[in-house]
Amino acid sequence: MVKPAFHAAAFVERLPRRPYCTDDPAQGLLIRPQATALAYRHIQHNPPPHVACLVFDVDSSDGYEAWKEAGLPAPNWITFNPKNSHAHYGYYLEAVVARTCAAKQKPLRYLAAIEHVLAKRLGADMGYAGLITKNPVHDDWWTIWHHCETFSLDYLAEFCPDAELAAYSRSRTEVGGLGRNVTVFDNVREWAYSAVRVYWRPNGYEAWADAVRAACESANAFGREQGGPLPVSEIKATAKSIARWVWSRFTPAGFSQVQAHRGAKGGRISKRPTKNGKARADLLPEVIRLKAMGYSNRDIGEDLGIGSATVSRYLKRDPE
């Protein structure tokens, strides 16, 4: 039988070096070295740049049994309040998922959809911010340690009906948890494709980075029912990633090449054939370039022979 000390060590090794912590979330959060933070009742379980552990907040009188009733795999640990049985579930991920990197959005979108569907199945709080959890090694809580095995995203997705995953991916009406990160990326990146042209000048990057930071802060307007705004550290990292990603891909040289190409076609890109009604994957670079020039999705679609909805989907893709 595996001893609880082994499980506790597995939890601790995934913590940030200086996590947020508190004895009462209503009184605000502190940032402390990991060894000091472990003495507090609530602690930050994921470092700002990535997700290593999914946590769900199940506020019901039998919260520690919800995973069984939902037909889900046993979490790595369940920490619950002995007074009311409200619980936090922790699922360790096989591979960490970046949440502030503009070049790695596909895994984050996938994880956000899985998190949303599993939370619904568990009857978990959909407005849980996911920043801090009941500290499993604190004496005020009771902790059930199940195992230390990790979960792949594909395995967790097996417990999520395809229709529900697809519905979440198409919707932006139910934003919460990791969906907030995705929403900030979508809103700011689409704005950035054309906005970057204003900053194409010597030493313009610093002003561009400031503008992206301001755009991210503006997009970070989530209500309490959505988990509240993302932490400042995440917004700063996200803005930095978007600014660098767009600046390196949308350049004056690239803009001139597109203009020359369009001029050779009489101001229009010739329509390209599609296969089985679907646009070819090699249109993605051109879609992004035309968007950077300020063309609408409809105009881009007309030029390339695809629908405006397809253009919109391309712009939300991760160009890995």
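Here are a few friendly notes on the salt bridges in this predicted model.

1. Let's start with the overall count. How many salt bridges does a search of the whole structure find? The search turns up 6. As background, side chains of opposite charge can pair when their charged atoms come close. The points below walk through some of these pairs.

2. Take R109 and D186 to begin with. Their closest N and O atoms are 2.5 Å apart, and the two residues form a salt bridge. Where do they sit? R109 belongs to helix α4, while D186 belongs to helix α7 (residues 179-195), so this pair ties together parts that are 77 residues apart in sequence. Are R109 and D186 buried or exposed? Both of them are buried.

3. Now look at R99 and E234. This salt bridge has its closest N and O atoms 3.7 Å apart. R99 is found in the loop between β6 (87-98) and α4 (105-122), and E234 is found in helix α9 (residues 232-249), so the pair ties together parts that are 135 residues apart in sequence. With a relative accessible area of 6%, R99 is buried. E234 is buried too, its relative accessible area being 4%. Both values fall under the 20% cut-off for "buried".

4. Finally, find K68 and E65 in the structure. These two residues form a salt bridge as well, with the closest N and O atoms 3.5 Å apart. How accessible is E65? Its relative accessibility is 26%, so E65 counts as partly exposed. Compare that with E234, which is buried at 4%.

Definitions and conventions:
Residues numbered from 1 in each chain as written. Predicted model: local features only at pLDDT ≥ 70, side-chain atom pairs only at ≥ 80, totals over all residues. Heavy atoms only, no water. Salt bridge = Lys/Arg side-chain N within 4 Å of Asp/Glu carboxyl O. Buried < 20%, exposed > 50% of the residue type's maximum accessible area, 1.4 Å probe, protein only. Helix = DSSP H or I, 4+ residues; strand = E, 2+ residues; numbered from the N terminus.
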